[in-house]
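Biologist: I would like to learn how to read the features of this model, one at a time. Please give the general idea first and then the case at hand.

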Amino acid sequence: MRTSVVSRLGAFASASVLAATALISGASPAAAATSCYGSGCTGLDPSTTVCQNDARTVRTADWGVELRYSPTCRAAWARKTSGASFDTVIRVHNSQGASEGVYYGGNGTAYTAMVDDKDILAWACEVRAYETLQTHCTSSY
């Protein structure tokens, strides 16, 4: 009987430690998601906000950089999933001069932070070859 009580206490303690670790480390992405709107989204990572939930690709440039848009947040960002050279930067811009960028090395998915897209225009660009700065952009949205 003593062994089963000790085993139960040990199991309870282990479960408690795991639960506390999950709370401290923020293991639940849904719980960590924040809300923003328009200019309040500028500079934020879309993956840590509710903006990713209804995001859609609204424009794609010929090299494949995408302009992503969230109607809930009224924010936009650039995303690249394949087909770039090792010296590529993707950027999102808006008509009020805001811009966010990120390096894309040609593998996996990269995306920028967001810019305001509430009642203004946004577009995404891909810049390759640092020396020649070849640039292809989406149309604005």
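**Reading the model**

Modeller: Gly40 sits in the loop between helix H2 (29–32) and S1. This is a predicted model. With a relative accessibility of 45%, Gly40 counts as partly exposed, since that class covers values between 20% and 50%. Gly40 and Val115 are 75 residues apart in sequence, yet their C-alpha atoms are 8.7 Å apart in space.

Biologist: How many helices and strands does the chain have, and in what order do the elements run?

Modeller: Start with the list of elements, then read their order. The chain has two helices and nine strands. From the N terminus the order is α-α-β-β-β-β-β-β-β-β-β. The chain has 141 residues, and buried residues make up 33% of them.

Biologist: How do strands S1 and S2 run, and how many bridges join them?

Modeller: For a strand pair, look at direction, bridges and the connection. S1 (residues 56–60) and S2 (residues 66–70) run antiparallel and are joined by four bridges. As an example of partners, Thr57 is bridged to Arg68 in S2. The hairpin of S1 and S2 has five residues between the strands, and Gly64 takes a positive phi near 105° there.

Biologist: Which residues other than glycine have a positive phi?

Modeller: Here the backbone angle is read together with the place in the chain. Arg74 is one of them, with phi near 55°, and Asp119 is another, with phi near 60°. Arg74 lies in the loop between S2 and S3. Asp119 lies in the loop between strand S7 (115–116) and S8. Asp119 counts as exposed because its relative accessibility is 59%, over the cut-off of 50%. Arg74 and Asp119 also belong, with Lys118, to a network of salt bridges.

Biologist: How many salt bridges are there by this rule?

Modeller: The rule asks for a side-chain nitrogen of Lys or Arg within 4 Å of a carboxyl oxygen of Asp or Glu. The count comes to five. One of these pairs is Arg79 with Glu66, at 2.6 Å from N to O.

Biologist: With which residues does Glu126 form salt bridges?

Modeller: A residue can be followed through each of its contacts in turn. Glu126 forms a salt bridge with Lys80, where the closest N and O atoms are 3.0 Å apart. That pair links distant parts of the chain, with Glu126 in strand S8 and Lys80 in strand S3, 46 residues apart. Both Glu126 and Lys80 are buried. Glu126 also meets Arg128 in a salt bridge, at 2.8 Å from N to O. Glu126 is buried because its relative accessible area is 0%. Arg128 is buried as well, with a relative accessible area of 15%.

Biologist: Over the face of which residue does Arg128 lie?

Modeller: For a charge over a ring, find the ring and then the distance to its centre. Arg128 lies over the face of Trp63, at 4.2 Å from the ring centre.

Biologist: Where is Val92, and how far is its C-alpha atom from that of Trp123?

Modeller: Val92 is in strand S4 (residues 88–94). Val92 and Trp123 are 31 residues apart along the chain, and their C-alpha atoms are separated by 5.7 Å. Val92 is buried, as its relative accessible area is 0%.

Biologist: Which residues form a nonpolar patch on the surface?

Modeller: Look at the members, then at their accessible area together. Phe86, Tyr103 and Tyr130 form the patch, with about 390 Å² of accessible area together. Tyr130 is in the loop between strand S8 (122–128) and strand S9 (134–137). Tyr130 counts as partly exposed because its relative accessibility is 47%.

How values were computed. Residues numbered from 1 in each chain as written. Predicted model: local features only at pLDDT ≥ 70, side-chain atom pairs only at ≥ 80, totals over all residues. Heavy atoms only, no water. Patch = residues over 30% accessible without salt bridge, like charges linked within 9 Å, V, L, I, M, F, W, Y side chains within 5 Å. Areas by Shrake-Rupley, 256 points an atom, 1.4 Å probe, with all protein chains shown as cover. Buried < 20%, exposed > 50% of the residue type's maximum accessible area, 1.4 Å probe, protein only. Lys NZ or Arg CZ within 6 Å of the ring centre and 35° of its normal. Pairing = 2+ DSSP bridges.
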